[in-house]
Amino acid sequence: MLNFENQFAYSSMAYEMVAHVLTLGYAVMLAALAYFILTIRTVAPRYRISSVLSVVVMVSAFLLLYAQKGSWTETFTFNAATGLYEASASGERFSNGFRYLNWLIDVPMLLIQILFVLEIAKQRRTSMIFWFSLSGSLMIITGYIGQFYETTNPTAWLVWGAISTVFFVHVLYLMHRVINDGKRDIPEAAARVMSGIWWLFLISWMLYPGAYLMPLFLNNEAGVVGRQMTFTIADITSKVIYGVMLSYAAMIRSRAEGYQEDLLQVFSIGKAGKTTNGSKSVEQSLQAMVE
Ligand code: RET
C-alpha cells in the first residue's frame with residue numbers, strides 16, 4: 001500500500017509530531033483499558049458486556065497503534081546531509097492498512113456495545129447485531145481497497161471511498177434509530193447521556209472519512225501530520241470517550257434498578273472492619289442483597 005505518507009521527506013518537527021501523536025494514541029488505549037477493567041463492578045451484571053467489549057477494543061487498538069508507531073519510526077530515518085527525515089534504506093514503507101484491519105474488529109464491537117445499554121427487545125437486538133456487523137464491515141473493507149489506489153489511481157480511490165460512504169450512511173441511519181427508540185424507556189439522566197453519545201458518535205466517526213480524503217486538501221507534510229492527528233483524535237473519542245459515556249449511562253441505569261456495589265467489594269471492605277454504608281454489618285449488607 002503506497003500511502004501518501006511515503007511521498008515526502010519530513011522536517012524534525014513534522015516527524016516528531018507524528019511520532020508523538022501515535023504514542024499518545026496507544027498510551028491512552030492502555031490507560032483506558034485499566035479504567036474499563038477497574039470500573040466493571042460499578043454496573044449491574046446485565047450491562048457488563050459493554051465494558052467487556054470496551055476491553056476488547058482497547059487491547060486491539062493498543063497493539064495496532066503500537067505497531068503503527070513502529071512502522072513510522074522504521075520507515076523514516078534522519079539524513080544529516082539534508083537535515084530531513086527520509087525513507088530509510090531498508091525499503092520499509094509506511095502503511096495505514098493496519099488501522100483498517102483493526103477497525104474491522106473494533107467497528108462491529110463499538111456498534112454492538114450500545115445495544116446492551118439501551119432498552120431494546122432481544123429479537124431486535126439480534127437483527128441489529130447482524131446489520132451493524134454487515135454494513136460496518138463492508139464500509140471498512142471497501143475503504144481498505146480504496147487506500148491501495150490513493151497515490152496511483154485517484155478515480156479508483158474516490159469511487160471506493162464513495163461506495164464505503166453508502167455503508168457509512170446506513171450505519172449512521174441505524175444508530176440514529178436505535179438510540180432514539182432505545183432511550184425512551186430508560187431514566188431521564190441516562191437518556192440525556194445517550195443523546196450526548198449520538199452527537200459524539202456522529203462527529204467522531206465523520207473524522208475518519210476526513211482523514212481518508214486528506215491528500216485532496218493538503219497533499220504535503222502538513223497533510224500527513226494532520227491525517228495522523230485526526231486519526232488519533234477520532235480514535236480517542238470514538239473508542240474511549242464513547243465507552244466511558246456508555247459505562248456512565250449503564251451506571252445510572254444500574255442504580256435506578258437498585259443495584260448496589262458488587263458483593264465481593266462489600267465483602268472485602270467488610271473484612272477490614274468497615275462496611276460500604278458505614279452502619280450495617282457485612283452480614284446485614286449481604287442479607288440485604290439477597291433479599
Ligand atoms: C473510510 C473510507 C472512506 C469513506 C468512509 C470511511 C469511514 C470510516 C469510518 C471508520 C470508523 C472507524 C472507527 C474505528 C474505531 O476503532 C473507511 C475511511 C465513510 C467511519 C470508529
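**Close-ups of a predicted model**

**View 1. The ligand's space is the largest pocket**. A pocket here is an open set of points on a 1 Å grid over the protein atoms alone, with protein on both sides within 12 Å along at least five of seven lines; a molecule sits in one if more than half of its atoms lie within 2 Å of its grid points. This is a predicted model, so local features need pLDDT of at least 70 and side-chain atom pairs pLDDT 80 or more, while totals for chains, interfaces and linings use all residues. Numbering starts from 1 along each chain as its sequence is written, and side-chain values use heavy atoms, without hydrogens or water.

**View 2. Who sits around the ligand.** The 17 residues around the ligand (a heavy atom within 4 Å) have Asp106, Ser164, Trp205, Tyr208 and Lys239 as the nearest. Lys239 puts a polar side-chain atom 2.5 Å from a ligand oxygen (polar contacts are N or O pairs within 3.5 Å). Of the 540 Å² of accessible area that the ligand has on its own, the protein covers 99% (Shrake-Rupley method, 1.4 Å probe).

**View 3. The helices behind the shell.** Helices α3 (97-113), α4 (122-147), α5 (154-182), α6 (188-212) and α8 (221-256) each give at least two shell residues (helices are DSSP H or I runs of at least four residues). The largest share, 5 residues, is from α3.

Terms used:
A polar contact is a pair of N or O atoms within 3.5 Å; within protein, one must be able to donate a hydrogen and the other to accept it, and residues adjacent in sequence count only if both atoms are side-chain atoms. On a 1 Å grid over the protein atoms alone, a cavity is a set of points where a 1.4 Å probe fits but cannot get out, and a pocket is an open set with protein on both sides within 12 Å along at least five of seven lines; lining residues have an atom within 4 Å of a point.
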